[in-house]
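Student: Before we discuss anything, could you please show me the sequence and the model?

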Amino acid sequence: MNEERHCQQLIETISDYIDGELDSGLCVELERHLSECNNCQVVVNTLRKTIELYKDPSDGDVLPDEVRQRLFYRLHLEDFLKS
Amino acid sequence: MNEQINNESLNLEALRAGNRAEFARLVERFSNQIYRVALKFLGNPQDAEDVLQETFIKAMRALPNFEGRSSLATWLYRIAMNESLMILRKSRWDLAPVEELDADDDAGLSGMVLTDWCCLPEEELLSSEARRFLDRAALKLPETLRSVFVLRDVEGLSIRDTAEALGISETAAKTRLLRARLKLRKELSVYYGERLTEERSE
């Protein structure tokens with residue numbers, strides 16, 4: 001029962017934990033729980049990986065050149081367009 | 001991603017005074033990230049372009065009154081998110097009511113998918129099919145969660161700047177971020193779990 005409470009607590013604070021923003025006392029307690037709870041380890045690892053995948057910089061959403069040009073024209077700034 | 005923007009290299013006084021060259025520098029500096037955030041949030045290049053143009057048109061008009069309480073980047077994100085929400089509301093006349101943040105079971109233990117798919121090879125995790133799945137999964141999030149997720153986790157803003165750009169409290173931003181992350185973890189666990197099963201059966 002106690003361990004289950006720890007699982008729930010971990011899930012509620014998992015964002016802060018992953019971002020390194022968790023209060024240090026709570027962090028120690030949760031890490032102790034993590035070392036003993038395989039399910040929570042999986043949740044933490046897969047959540048970390050999820051965030052990492054969305055941050056992947058090779059995902060090439062850059063401003064297409066023609067969109068950039070239309071923007072400068074729309075703003076009447078075409079004289080500042082650098083190629 | 002995560003461009004470190006510092007306001008000091010742009011001349012605020014010149015911007016407020018309507019200096020065109022300085023405004024062109026502002027556009028050059030921020031247009032890429034404004035376009036990207038709108039594209040990630042709306043999922044449609046034409047809408048993203050509309051948001052991009054409207055953001056800088058509004059910024060040009062509002063700059064004389066810009067007080068500098070937030071950074072220029074956060075201020076521009078805020079305009080862009082407002083524009084994006086307007087587009088969403090216009091295009092979805094049947095817009096469902098904002099989802100109750102605590103009305104789902106994603107934060108409960110019972111709803112947890114416990115497949116460990118982290119060991120999948122990179123080419124599997126980031127295949128073009130997987131990338132399309134990632135985009136679709138993020139677009140399926142309710143807009144209140146998606147806006148926080150895109151600013152914080154895709155763009156790399158701090159919680160504070162995310163909250164400021166969306167006009168919500170930091171506590172609300174954190175709660176929504178947790179929900180968004182858990183929802184996406186669940187979706188990805190099902191998707192990559194299937195890839196894992198395929199890989200093991202080969």
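What follows is a short exchange of questions and answers about this model.

Tutor: This is a predicted model, in which local features need pLDDT of at least 70, side-chain atom pairs count only at pLDDT 80 or more, and totals for chains, interfaces and linings use all residues. Residues are numbered from 1 along each chain as its sequence is written, while chains are lettered from A and ligands numbered from 1 in the order in which they are written.

Student: Among the elements of chain A, which has the highest mean pLDDT?

Tutor: The pLDDT is the predictor's confidence in each residue, from 0 to 100, and for chain A its mean is 88, with 89% of the residues reaching 70 or more. Elements here are DSSP runs numbered from the N terminus, helices being H or I with at least four residues and strands E with at least two. Among the elements of chain A, the lowest mean, 86, belongs to α1(A), and the highest, 97, to α4(A).

Student: Which helix supplies the largest share of the side of chain A that touches chain B?

Tutor: Counting two residues as in contact if their C-beta atoms, placed from the backbone, lie within 7 Å, 30 residues of chain A are in contact with 39 residues of chain B. On the side of chain A, at least two residues each come from α1 (2–18), α3 (38–55) and α4 (65–74). The largest share, 12 residues, comes from α3(A).

Student: How are α2(B) and α7(B) oriented to each other?

Tutor: Axes are lines fitted to C-alpha atoms, for helices over the stretch in contact, and angles run from 0 to 180 degrees between N-to-C directions. Helix α2 (residues 20–42) of chain B packs against helix α7 (residues 143–154) of chain B at an angle of about 140°, with the axes 10 Å apart. Angles under 35 degrees count as roughly parallel, over 145 as roughly antiparallel, 65 to 115 as roughly perpendicular and the rest as oblique. The two helices, α2(B) and α7(B), are therefore oblique.

Student: At which residue does α2(B) bend?

Tutor: A bend is the angle between axes fitted to the seven residues ending at a residue and the seven starting there. For α2(B), which is followed by B:Gly43 with a positive phi near 75°, the bend is about 50° and lies at B:Phe30.

Student: How are α8(B) and α9(B) oriented to each other?

Tutor: The axes of α8(B) and helix α9 (residues 170–201) of chain B come within 9 Å and cross at roughly 105°. The orientation of α8(B) to α9(B) is therefore roughly perpendicular.

Student: Which residues of α9(B) make the contact with α8(B)?

Tutor: From α8(B), the contact uses B:Ile159, B:Arg160, B:Thr162, B:Ala163 and B:Leu166. From α9(B), the residues are B:Glu170, B:Ala173 and B:Lys174.
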